[in-house]
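Here is a short briefing on one protein model.

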Amino acid sequence: KFLKKNIGKKQYNGKFSDSIFKSFEGRKDPFILFAHIGVPHPPYFFDKNCNFRTIPKNEITVNNLLITDKKSRLEGYKNNLMCSSKIINETVKKIISYDKDPLIVVFSDHGPHLNHDKNTNDLNLIEDAHSSLLAIKPNKKCSSNSFENFFHVNIFRYILNCLGEKKIEI
């Protein structure tokens, strides 16, 4: 919905974090906010400054396999990654301006899938598809938890352990 509403606007950066901020503006009680950012997934609609850009019809796809021009695929991903980093940084700053000690978790669902022109048995291809980002800024209540050998598959158990009274084995 958010993307459809803002397609054609000059700047995307700022609008996403503003919409997130509205969801907790004025709240006093603790809560969990889950926000999904659709970039840097294809299609690569944004330049590195989060301005919408025109892309060729053959690149309007959600599947990197269908973007056959490798240079265009890599450049599109890189620009969208830079844009999403700006959105995340701005959003984290807004969250911290609201709550001085938040628990912030940023994670991705999968790797970029950029090297599909390689042999499927290649370990680099597997790492490309299955590597994922996991970044945690613990709050004071969660700072004693160990992050050694921590994987994103356990993230919600971690959050519930930090926020709840009953501990869930990880």
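The protein exposes about 11,300 Å², and carbon and sulfur atoms supply 57% of that area. Areas follow the Shrake-Rupley method with a 1.4 Å probe, and for residues only the protein chains shown count as cover. The model is predicted: local features need pLDDT of at least 70, side-chain atom pairs count only at pLDDT 80 or more, and totals for chains, interfaces and linings use all residues. Residues are numbered from 1 along each chain as its sequence is written, and side-chain values use heavy atoms, without hydrogens and water.

**Fold**
- The protein has 5 helices and 2 strands (DSSP runs numbered from the N terminus: helices H or I, at least four residues; strands E, at least two).
- Along the sequence the order is α-α-α-β-α-β-α.
- Of contacts (heavy atoms within 4.5 Å) with a separation of 6 or more, 55% join residues 24 or more positions apart.

**Burial and cores**
- Of the 170 residues, 32% are buried (under 20% relative accessible area; exposed is over 50%, partly exposed in between; 1.4 Å probe, protein chains only).
- The largest nonpolar core has 7 residues: Ile37, Val39, Phe46, Cys50, Phe52, Cys83 and Ile87.
- A second, separate core has 6 residues, including Cys142, Phe150, Tyr158 and Cys162.
- Such a core is a set of buried Ala, Val, Leu, Ile, Met, Phe, Trp, Tyr and Cys residues joined through side-chain atoms within 4.5 Å.

**Loop residues**
- Pro30 lies in the loop between α2 (15-24) and α3 (70-98). Pro30 is exposed because its relative accessibility is 79%.
- Lys141 sits in the loop between β2 (134-137) and α5 (155-163). Lys141 is partly exposed, at 48%.
- Beyond neighbours within four places in sequence, Lys141 contacts Cys162, Leu163, Gly164 and Glu165.
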